[in-house]
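The sequence and structure are shown first.

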Amino acid sequence: MKFKAKNYTLPLNKKTYVMAVINLTPDSFHPDSRAMGNYAVNAAIAAAKNGADIIDLGAQSTAPNSSPITAEEELERLEKPLYAIRKAVDLPISVDTYFLSVAQKALETGADIINDVSGAADIGFAQLAAKTGSGWIAMHTGGKTSKETAEYKSGVINDINLFFHEAVTAAKNAGLGLSQLCLDPGIGFGKSRENDLEIIKRFSELTIHGCATLAALSRKRVTRLGGDSLSGTIAANTACILGGANIIRVHDIPQAVATAKTADLIKGGLNLG
């Protein structure tokens, strides 16, 4: 099993990969992740030095209190930092967006992965990934935003699994190899905190079709239930890794790298020697 994104191949079940969040926005919910303009390059270089495996760029905040912007505004924030980071860092770069036009321009500029936060399993994103050889991360939202909560009459895990099936079908119809698809259950999007906790607890029950899986819960509301969001993030990420997550998307790189290594040791996937 592997996750492929252009010239990068990440073998799965060898280690847990750390995706470093860099937000090119003034309103992301975690201020320390904001690195607009030239600061973004320094943040990417620091993330790589601290052990990150993937750089994840977001030029539009999807936090509950954020204000939406147009595709043109998103590209204005994204293009120059992305171009500079591509030249400075030899790691796969993903770009968060729900605009197909932004995804296409980002891939032309140097991105390797579309981190699709639309929640639609849109075949357009699958077709773009197939055409460019990029990776496609498909995120479940239940048709809602981070400000809203969907109703899951058949249970949140069942709803996520149905969405994953739709994403796999879209990939196959587009001619996209499943090794280029990564599935994200969308913790915090269209979910109550009870839903979030259930996903974390039952991560192993997600039907992943042989694809990579992403746990993207860093510093989100569910991690604050115990009082400290960093400690909550470490605990929740550990649970997800033990449940089968291949990639964790995080704000705090050194702590996440240590979390991943320790969880991998617990799983028995690494040799202490």
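The text below treats the helix pair, then one of its helices, then selected residues.

The model is predicted; local features require pLDDT of at least 70 and side-chain atom pairs count only at pLDDT 80 or more, whereas totals for chains, interfaces and linings use all residues. Residues are numbered from 1 along each chain as its sequence is written, and side-chain values use heavy atoms, with hydrogens and water left out.

**The helix pair**

Two packed helices are described by the angle between their axes and the distance between the axes. Helices (H or I, at least four residues) and strands (E, at least two) are DSSP runs, numbered from the N terminus. Helix H1 (residues 39–49) packs on helix H2 (residues 71–88) at an angle of about 35 degrees, and the two axes are 9 Å apart. Here axes are lines fitted to C-alpha atoms, for helices over the stretch in contact, and angles run from 0 to 180 degrees between N-to-C directions. The crossing of H1 with H2 is right-handed, a term that applies if the near helix is turned clockwise from the far one by less than a right angle.

On the H1 side, the contact (heavy atoms within 4.5 Å) involves Ala40, Val41, Ala44 and Ile45; their counterparts in H2 are Pro81, Ala84, Ile85 and Ala88. Of the residues in this contact, eight are nonpolar, none is polar and none is charged. In this classification Ala, Val, Leu, Ile, Met, Phe, Trp, Tyr, Cys and Pro count as nonpolar, Asp, Glu, Lys and Arg as charged, and the others, Gly among them, as polar.

**Helix H2**

H2 contains 18 residues and spans 25 Å from its first C-alpha to its last, close to the 26 Å expected at 1.5 Å a residue; the expected span is 1.5 Å times one less than the number of residues. A kink of about 35 degrees lies at Leu78, shortly before the proline Pro81. The bend at a residue is the angle between axes fitted to the seven residues ending there and the seven starting there.

The buried residues of H2 are Ala71, Glu74, Leu75, Leu78, Pro81, Leu82 and Ile85. Buried means under 20% relative accessible area, exposed over 50%, and partly exposed in between (1.4 Å probe, protein chains only). The cover over these H2 residues includes H1, strand S4 (54–58), strand S5 (93–97) and helix H3 (100–109).

**Selected residues**

Asp116 lies in strand S6 and is buried, because its relative accessible area is 1%. Leaving out residues up to four places away in sequence, Asp116 touches Thr97, Phe125, Trp136, Ile137, Ala138 and Met139.

Gly119 is placed in the loop between strand S6 (113–116) and helix H4 (123–132). Gly119 counts as buried because its relative accessibility is 17%. Apart from neighbours within four places in sequence, Gly119 is in contact with Met139, Thr141 and Phe163.

Ser154 lies in the loop between strand S7 (135–139) and helix H5 (156–174); Ser154 counts as partly exposed because its relative accessibility is 48%.

The table lists C-alpha separations for these residues.

| Residue pair | Apart in sequence | C-alpha separation |
|---|---|---|
| Gly119 and Arg86 | 33 residues | 27 Å |
| Ser154 and Glu79 | 75 residues | 41 Å |
| Asp116 and Thr207 | 91 residues | 19 Å |

Two loop residues other than glycine have positive phi. Lys6, in the loop between strand S1 (2–5) and strand S2 (8–11), has phi near 55 degrees. Asn13, in the loop between S2 and strand S3 (17–23), has phi of about 65 degrees.
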